[in-house]
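Colleague: I would like to learn how to read a model of this kind, one feature after another. Could you give me the general idea each time, and then the case at hand?

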Amino acid sequence: MDAFIRFTNQTQGRDRLFRATQYTCMLLRYLLEANADKEKVVMKLKKLESSVSTGRKSNLNRVVYYICDTILWVRSVGLASGINKEKWQMWANRHYYYFLLLSLARDLYEIALQMGRVSRNKAKRKTSSSQSPRGYSVVDEDTEWLQSFLLLLFQSLKQHPPLLLDTVKNCCDILIPLNQMGVYRSNPGVIGLGGLLSSVAGIITVAYPQMKLKTR
């Protein structure tokens with residue numbers, strides 16, 4: 001209980017919990033929409049999703065996205081009616097998309113470095129070993145490079161959990177602006193699941209700071 005209280009006392013901790021609740025509601029709403037007898041439950045989930053989303057507006061930490069999203073919030077609560085919602089929504093999504101692209105580029109760079117380290121360590125162990133390399137046929141050459149790459153990728157991410165969490169989080173998050181900008185349309189179920197997975201990854205990094213990817 002003390003750990004939970006410490007977690008919720010952090011601004012980022014509360015934001016991660018709100019975000020997880022928001023996308024859980026979206027996912028449940030998508031799963032229940034096909035049932036006619038669940039209409040009231042779907043409406044309640046929709047209202048809760050909207051309320052939680054509104055409650056997150058003061059905790060966004062990306063400056064440009066924060067400005068755009070706050071302006072949209074001002075319009076949604078009726079404080080200003082002359083705001084072009086579509087234009088500001090597009091700007092917010094675009095800046096969020098660029099932010100995630102840069103984050104994924106950093107993840108790919110870190111993955112490449114990690115794979116290089118793992119590969120060099122394997123080469124050293126292989127050199128110091130007296131075992132001869134495993135023989136393979138010509139047929140194996142077409143697929144061996146892919147198998148080796150995937151194995152190296154798996155080993156690299158396994159040895160660096162913060163990098164794995166950050167990559168999963170950014171891959172899930174990027175579905176949201178892609179969908180809202182119309183670049184790649186996804187249904188609410190996919191968006192809800194992606195948002196939930198991303199939120200869980202975010203909760204882990206807040207609860208366990210050692211799991212947060214350290215930037216160079």
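Modeller: Let us begin with contact, which here means heavy atoms within 4.5 Å. Leaving aside neighbours within four places in sequence, Gln-180 is in contact with Gln-89 and Asn-93. The model is a predicted one, in which local features need pLDDT of at least 70 and side-chain atom pairs count only at pLDDT 80 or more, while totals for chains, interfaces and linings use all residues. Residues are numbered from 1 along each chain as its sequence is written, and side-chain values use heavy atoms, with hydrogens and water left out.

Colleague: Is Gln-180 buried or partly exposed?

Modeller: Buried means under 20% relative accessible area, exposed over 50%, and partly exposed in between, with a 1.4 Å probe and protein chains only. Gln-180 counts as partly exposed because its relative accessibility is 40%. Ser-199, which has its place in helix H9, counts as buried because its relative accessibility is 1%. Beyond its neighbours within four places in sequence, Ser-199 is in contact with Arg-16, Arg-19, Ala-20 and Tyr-23.

Colleague: How many helices and strands does the protein chain have, and what percentage of its residues is buried?

Modeller: The protein chain has nine helices and zero strands, and buried residues make up 34% of its 216 residues. Among contacts between residues at least 6 apart in sequence, 71% join residues at least 24 apart.

Colleague: Which residues form the largest nonpolar core?

Modeller: A nonpolar core is a set of buried Ala, Val, Leu, Ile, Met, Phe, Trp, Tyr and Cys residues joined through side-chain atoms within 4.5 Å. The largest one has seven residues, namely Ile-111, Met-115, Val-118, Leu-152, Leu-157, Leu-163 and Leu-213.

Colleague: What is Ile-111 in contact with, leaving aside its neighbours within four places in sequence?

Modeller: Ile-111, found in helix H5, is in contact with Leu-153, Leu-157, Leu-163 and Thr-167, once those neighbours are left aside. Ile-111 is buried, since its relative accessible area is 9%. With the same exclusion, Val-118 is in contact with Leu-152, Gln-155, Ser-156 and Gln-159.

Colleague: At what angle do helix H7 and helix H9 pack?

Modeller: Two packed helices are described by the angle between their axes and the distance between the axes. Axes are lines fitted to C-alpha atoms, for helices over the stretch in contact, and angles run from 0 to 180 degrees between N-to-C directions. Helix H7 (residues 161-173) and helix H9 (residues 188-207) pack at about 150°, with their axes 8 Å apart. Leu-165, Lys-169, Cys-172 and Asp-173 in H7 meet residues of H9 including Gly-194, Leu-197, Ser-198 and Ala-201.

Technical notes:
Helices (H or I, at least four residues) and strands (E, at least two) are DSSP runs, numbered from the N terminus.
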